[in-house]
Amino acid sequence: MPSRLELNIAVPRPELGAFCRRNHVRKLSFFGSVLRDDFGPESDVDVLVEFEPGHTIGYFGLSDGTGAFGDAGPHSGPAHAS
């Protein structure tokens, strides 16, 4: 069984859980520097999302304006598409 690593960010679990249920997210995993000592204010937060069968909304569909991911994203709209 894999061990759980500590994140270098605060994750509002109730809000994140509600976000996942609304968007049919079966599994949400963090990876990259958010799990390492080199994470800092300029770092991005890498997230892998697995949807429930029959539900795929895509990256831009995940942003619902609730702030479930804080200021770090995911972002939608032309300003963030570059």
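Begin by selecting leucine 35 together with Leu5, Glu6, Leu7, Asn8 and Phe30: leucine 35 touches each of these residues, when residues up to four places away in sequence are not counted. Please bear in mind throughout that the model on the screen is predicted.

Now follow the chain around this residue. Leucine 35 belongs to the loop that joins strand S1 (25-31) to strand S2 (46-51). Is leucine 35 buried, partly exposed or exposed? Its relative accessibility is 26%, so it counts as partly exposed, because that class lies between the limits of 20% and 50%.

Leucine 35 and valine 45 stand 10 residues apart in the sequence, and their C-alpha atoms are 9.4 Å apart in space.

Proceed to serine 33, which is also located in the loop between S1 and S2. Which residues does serine 33 contact, leaving aside neighbours within four places in sequence? They are Asn8, Asp38, Phe39, Ser43, Asp44 and Asp46. The relative accessible area of serine 33 is 9%, and serine 33 is therefore buried, the limit for this class being under 20%.

Finally, move to asparagine 23, in the loop between helix H1 (13-22) and S1. With a relative accessibility of 10%, asparagine 23 counts as buried. Display its side chain and the backbone of phenylalanine 19. The side chain of asparagine 23 reaches the backbone oxygen of phenylalanine 19 at 2.9 Å.

Methods:
Residues numbered from 1 in each chain as written. Predicted model: local features only at pLDDT ≥ 70, side-chain atom pairs only at ≥ 80, totals over all residues. Heavy atoms only, no water. Helix = DSSP H or I, 4+ residues; strand = E, 2+ residues; numbered from the N terminus. Buried < 20%, exposed > 50% of the residue type's maximum accessible area, 1.4 Å probe, protein only. Contact = heavy atoms within 4.5 Å. Polar contact = N/O pair within 3.5 Å; in protein donor to acceptor, adjacent residues only side chain to side chain.
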